Amino acid sequence: MAYTTLVVLGGLLASLNFGDAEEIRLLVQPTPPDEKNDLIWFNSTSYDSWSNHLDNFIEAYRTPELVPGRAGNLVKCDWTSPPPPGKVCHINTESFAPCVITNYFGYKKRAPCIFLQFITEKDWKPKYYNDLKTLPVMPRNLRNYINEKSVEAHTWETVWVSCDGENAADKEFIGPVRYIPGPGVPGYHFPYAGQKGYLPPLVAVQLEMPQAGVVINVECKTWAANIKPHKDKPIGTVKFQVMID
């Protein structure tokens with residue numbers, strides 16, 4: 001096992017034991033080398049360092065044996081087959097295509113992929129919106145997506161996510177945003193109850209045509225009925241920056 005994969009795996013497992021008051025938070029991958037810096041900056045010669053970082057990160061999901069207890073506890077989950085007590089859901093990393101290593105996670109084509117990890121407090125359970133009338137003010141694209149999918153009743157059992165530019169200029173520069181496999185995490189991934197081998201669920205966010213030559217401030221938010229905004233510390237929200245030279 002590569003040293004870098006070990007380091008990333010250690011961070012993954014440590015993230016499950018965060019001790020602050022957040023019920024849910026988002027973690028961004030890749031992470032810049034400087035922990036005080038949230039800028040993902042790359043050009044035509046440096047893209048491979050970011051894709052290699054993501055490959056090391058995703059290795060824990062791709063290879064169950066790397067995570068203590070995971071291989072023996074894995075089950076395939078879907079809406080009709082949630083995981084039994086003590087078991088954890090298999091996360092198929094190929095389902096994130098084109099956000100895969102064979103595509104350099106989009107960085108070579110200047111359409112970078114960012115993975116969002118949904119980290120929750122132990123035993124936290126989401127409360128779901130149950131119809132369009134209960135939806136709060138949210139991005140139009142997400143609301144339209146939910147509206148289109150709401151014919152399937154289980155769709156409502158989702159912790160949704162949206163990403164956009166932080167201000168007007170960023171909203172223009174960010175371009176189209178794609179969520180893979182979709183803009184949210186199915187409810188059967190929750191709660192985290194201390195199961196051996198558990199890894200936080202993921203959504204891949206691809207910036208398909210971001211503007212080059214400018215710093216783009218990006219903000220991603222989670223959406224569920226019991227994720228309430230907080231004036232001092234936004235719950236389930238993360239910000240980062242992207243720049244392509």
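1. **Ground rules.** The model is predicted: local features need pLDDT of at least 70, side-chain atom pairs count only at pLDDT 80 or more, and totals for chains, interfaces and linings use all residues. Residues are numbered from 1 along each chain as its sequence is written, and side-chain values use heavy atoms, with hydrogens and water left out.

2. **Overall make-up.** The chain has five helices and 11 strands. Both are DSSP runs numbered from the N terminus: helices are H or I with at least four residues, strands are E with at least two. The chain holds 245 residues, and 47% of them count as buried. Buried means under 20% relative accessible area, exposed means over 50%, and partly exposed lies in between (1.4 Å probe, protein chains only).

3. **Surface and contacts.** The accessible surface comes to about 12400 Å². Carbon and sulfur atoms own 52% of that surface. Areas come from the Shrake-Rupley method with a 1.4 Å probe; for residues, only the protein chains shown count as cover. Take the contacts (heavy atoms within 4.5 Å) with a separation of 6 or more: 74% of them join residues 24 or more positions apart.

4. **The four-stranded sheet.** Four strands form an open sheet, in the order β1-β5-β9-β7. The pairing is antiparallel. Two strands pair if DSSP finds at least two bridges between them. In general, strands of a sheet pair through backbone hydrogen bonds. The edges are β1 (24–29) and β7 (177–180), and each pairs on one side only. On average, neighbouring strands of this sheet are turned by 25 degrees against each other, direction ignored.

5. **Inside the sheet.** Strand β5 (residues 113–120) and strand β9 (residues 202–207) run antiparallel, joined by five bridges. Ile-114 stands opposite Val-205 in β9. Helix α2 (residues 47–62) packs on the sheet and touches β1, β5 and β9. The direction of α2 makes about 40 degrees with that of β5. Axes are lines fitted to C-alpha atoms, for helices over the stretch in contact, and angles run from 0 to 180 degrees between N-to-C directions.

6. **Disulfides at a glance.** The whole structure contains three disulfides. Each is a pair of cysteine sulfur atoms within 2.5 Å. With the bonded cysteines numbered in sequence order, the pairing reads 1-2, 3-4, 5-6.

7. **Cys-77 to Cys-89.** The sulfur atoms of this disulfide are 2.1 Å apart. The S-S torsion is about -100 degrees, so the disulfide is left-handed. Cys-77 sits in the loop between β3 (74–75) and β4 (88–89), and Cys-89 in strand β4, so the bond ties together parts 12 residues apart in sequence. Both Cys-77 and Cys-89 are buried.

8. **Cys-99 to Cys-113.** Here the S to S distance is 2.0 Å. This disulfide is left-handed because its S-S torsion is about -75 degrees. Cys-99 lies in the loop between β4 and β5, and Cys-113 in strand β5, 14 residues apart. Cys-99 is buried at 2% relative accessibility, and Cys-113 is buried at 0%.

9. **Cys-163 to Cys-220.** The sulfur atoms are 2.1 Å apart. The torsion is about 110 degrees, so this disulfide is right-handed. The bond links distant parts of the chain: Cys-163 is in strand β6 (residues 158–165) and Cys-220 in strand β10 (residues 216–223), 57 residues apart. Cys-163 counts as buried at 7% relative accessibility. Cys-220 counts as buried at 1%.

10. **Salt bridges around Arg-62.** The structure holds five salt bridges. The cut-off is a side-chain nitrogen of Lys or Arg within 4 Å of a carboxyl oxygen of Asp or Glu. Arg-62 pairs with Asp-55, the closest N and O atoms being 2.8 Å apart. Arg-62 also meets Glu-59 (2.4 Å, N to O). Glu-59 and Arg-62 both lie in helix α2, three residues apart, about one turn of the helix. Arg-62 is partly exposed, at 33% relative accessibility.

11. **Glu-166 to Lys-239.** The closest N and O atoms of this salt bridge are 3.0 Å apart. Glu-166 lies in the loop between β6 and α5 (168–174) and Lys-239 in strand β11 (residues 237–244), so the pair ties together parts 73 residues apart in sequence. Glu-166 is partly exposed at 36%, and Lys-239 is partly exposed at 42%. Elsewhere, salt bridges that share partners join Asp-55, Glu-59 and Arg-62 into one network.
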